[in-house]
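This briefing is intended for a reader who is meeting the structure for the first time. Please look over the sequence and the model before reading on.

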Amino acid sequence: MTGFTSFVKKETLHILRDPRTMLIALLMPVVQILLFGFAISTEVNNINVAVVVPHWSESVRQSVEKLSSNPYITYQGAIEQGEIDQYMRSGKCDAVVVFSNDFDKVLSEWKQNGTGENAMQFVMDASNTNLAQLGSGYLTNILAVDQMSSDMMPEIHMLFNPQMKSSFNFVPGIMGMIFILICGILTSVSIVREKETGTMDVLLVSPVRPLRIILAKMIPYFALSCINLTSILLLAHYVLEVPMSGNLGAIIVISLVYIALALALGLLVSTIAKKQVVALLISAAIMLMPIVFLSGIIFPVENMPDVIKPISAIIPARWYIDAMRKLMIQGIGFVGVLKDFIILCVMTIAIIGIALKNFKDKI
Amino acid sequence: MNDNKTTNISHIIQVKDLTKQFGSFTAVDHITFDVKRGEIFGFLGANGAGKTTAMRMLCGLSFPTSGSGTVAGFDIMRQGEKIKSHIGYMSQRFALYDDLTVMENMQLFGGIYRVGKKEIDRRATEMLQKLKFASERNTLVGSLPLGWKQKLAFAVATLHRPEIVFLDEPTGGVDPITRRQFWEMIYQASSENTTIFVTTHYMDEAEYCHRVSMMVDGQIKALGTPTELKQQYNASSMDEVFRTLARGAKRGD
């Protein structure tokens with residue numbers, strides 16, 4: 001076993017002596033979590049709204065008052081009907097609320113009959129679709145709700161994430177990405193580096209079995225990932241206040257399976273690539289890009305076209321992120337993520353199998 | 001030929017009709033030769049002649065398509081793994097880790113070949129003293145000059161006292177003085193009964209070998225002592241012998 005332990009020591013020294021690797025491996029997860037947690041958010045909290053009021057009345061004044069006092073809205077004043085287009089184009093407002101000519105009359109009709117003409121109209125700048133959708137939702141809630149009969153309007157409960165914090169959503173996504181980055185990319189580059197510099201030949205003529213060489217390489221990266229898992233979970237819980245209400249054991253077990261999968265992916269890439277640059281490119285193309293676009297971090301899988309959905313199903317990160325979301329945010333138990341867990345296990349075994357076969361063929 | 005370890009004590013390498021094919025390309029074409037224990041054997045040939053492929057087969061890195069042979073008494077077709085613990089190897093490309101210190105490199109390779117910790121320390125200290133290197137034991141290899149690195153790589157390749165050391169163009173890119181020193185190390189090892197199997201580009205180095213073989217287009221075209229070869233080809237130097245033989249080559253650069 002002395003051969004094996006000297007290998008693990010060597011790999012650990014490689015990592016410890018390379019400040020860049022250390023920086024990427026230990027600092028990046030923390031920075032990403034904090035960045036996505038605080039700086040980048042998909043919440044909309046500063047909508048510029050103007051109003052068009054043909055005829056001021058008490059109820060119109062009340063509505064406008066509500067608008068201007070709402071923290072999510074920046075009130076831009078009253079404008080003329082003809083000015084809407086110009087205001088929108090110049091970017092001075094994202095939404096315009098147009099009150100009907102006889103607002104009071106329409107309102108009382110609604111109250112009596114529960115039906116009637118439109119009391120107001122929202123004109124939205126839909127060049128930013130996210131903002132337009134959320135904005136119109138806000139405006140409906142602020143203006144329309146109590147003007148209409150209460151039994152007509154649905155009462156909405158936001159379960160699991162009542163404040164709709166986007167950071168909750170990002171934490172599982174970042175985890176899905178970080179482990180691929182550290183285990184997958186760094187391991188593949190480190191194996192390919194030995195091929196490139198010629199040291200791999202020296203190792204292969206030694207009596208140490210090729211499999212041991214690879215295993216020894218993975219151990220320090222596995223350890224690094226465990227450190228990262230700990231720091232991410234702590235940060236997410238104590239700084240970003242992600243609930244983590246699910247089974248913590250399940251979070252850890254599934255993460256470990258995912259880390260193993262990422263290591264196997266790294267090995268697979270290293271059997272294909274001959275140069276470090278190539279390893280990096282392949283990793284980015286087959287690992288990172290699909291994770292960002294297809295795993296549901298940013299774009300929900302449910303919204304994908306039917307052609308794309310099956311592709312997203314073969315991306316391991318999708319199942320991992322799904323499981324983490326359920327466990328961390330929804331707080332359901334292990335049984336609820338059993339499907340994700342089994343899929344991840346099968347994928348891990350398959351990738352390890354292919355990678356090892358490829359690895360043996362090449363040597 | 002059988003695979004008993006004691007088949008032939010005076011020949012450390014024996015190969016017969018060793019062949020390696022990649023698809024329809026025959027990189028090594030039925031080569032037959034033997035190397036005596038303690039000998040310095042020069043394995044020469046132009047680029048692309050098949051030297052490296054042949055050497056990889058002898059080291060157990062590549063599996064022969066056909067043929068037979070033994071290295072250190074083990075069958076290259078069946079006992080590749082056993083061969084590995086009896087040989088040392090130093091590659092043409094620098095083979096130590098730049099981000100490890102001199103001692104850490106020695107400990108790593110010593111550990112790989114299962115030399116005990118104390119024994120590694122003893123041998124390493126002895127070697128470094130011989131090389132007048134003792135003060136550099138904790139220096140990162142990356143900060144050493146190339147010539148020193150290569151001498152060190154040779155020291156590391158022989159740390160586990162292998163019966164035979166394969167050197168793949170060990171002196172590439174090194175100045176003449178360092179090359180001279182490197183060859184002194186080779187002679188030293190040879191005098192301690194370690195067999196040296198060396199490939200090189202430098203024909204003056206071929207003169208230092210006990211025996212040399214010349215490979216052209218995957219085949220061994222000439223084999224003998226430098227003096228014999230020069231007589232046979234009526235040449236004044238190994239360089240001339242090489243050029244006479246390589247003239248008919250189809251491969252190469």
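This is a predicted model: local features need pLDDT of at least 70, side-chain atom pairs count only at pLDDT 80 or more; totals for chains, interfaces and linings use all residues.

How many salt bridges does the rule find across the interface of chain A and chain B? It finds two salt bridges there.

**Interface of chain A and chain B**

- The size of an interface is often given as the accessible area lost when the parts come together.
- Here, about 2,300 Å² is buried between chain A and chain B, and carbon and sulfur atoms give 58% of that area.
- On the side of chain A, the residues that lose the most area to chain B are R17(A), V205(A) and P207(A), which together account for 27% of what that side buries.
- The contact involves 26 residues from chain A and 25 residues from chain B.
- R17(A) also forms a salt bridge with E104(B), in which the closest N and O atoms are 2.7 Å apart.

**Domains of chain A**

- Chain A is assigned a domain 1, covering 2–40 + 165–362, and a domain 2, covering 47–147.
- Taken over C-alpha atoms, the centres of domain 1 and domain 2 of chain A are separated by 48 Å.

**Nonpolar surface patch**

- L34(A), F38(A), L234(A), Y238(A) and V239(A) make a nonpolar surface patch of about 520 Å².
- The elements of chain A that contribute two or more residues to this patch are α2 (19–39) and α9 (210–238).

**Positive phi values in chain B**

- Most residues other than glycine have a negative phi.
- E169(B) is not a glycine, yet its phi is positive, at about 45 degrees.
- E169(B) is found in the loop between β7 (164–168) and α6 (176–191) of chain B.
- With a relative accessible area of 11%, E169(B) counts as buried, because buried means under 20%.
- N193(B), likewise a residue other than glycine, has a positive phi near 75 degrees.
- The loop between α6 and β8 (195–199) of chain B holds N193(B).
- N193(B) is partly exposed, with a relative accessible area of 47%, whereas E169(B) is buried.

Conventions. Residues are numbered from 1 along each chain as its sequence is written. Chains are lettered from A and ligands numbered from 1 in the order in which they are written. Side-chain values use heavy atoms; hydrogens and water are left out. Patches are made of residues with over 30% relative accessible area and no salt bridge: like charges are joined within 9 Å, nonpolar side chains (Val, Leu, Ile, Met, Phe, Trp, Tyr) within 5 Å. Accessible areas come from the Shrake-Rupley method with a 1.4 Å probe; for residues, only the protein chains shown count as cover. A salt bridge is a side-chain nitrogen of Lys or Arg within 4 Å of a carboxyl oxygen of Asp or Glu. Helices (H or I, at least four residues) and strands (E, at least two) are DSSP runs, numbered from the N terminus. Domain bounds come from an automatic or database domain assignment. Contact means heavy atoms within 4.5 Å. Buried area is the accessible area (1.4 Å probe) that two parts lose on being put together, summed over both. Buried means under 20% relative accessible area, exposed over 50%, partly exposed in between (1.4 Å probe, protein chains only).
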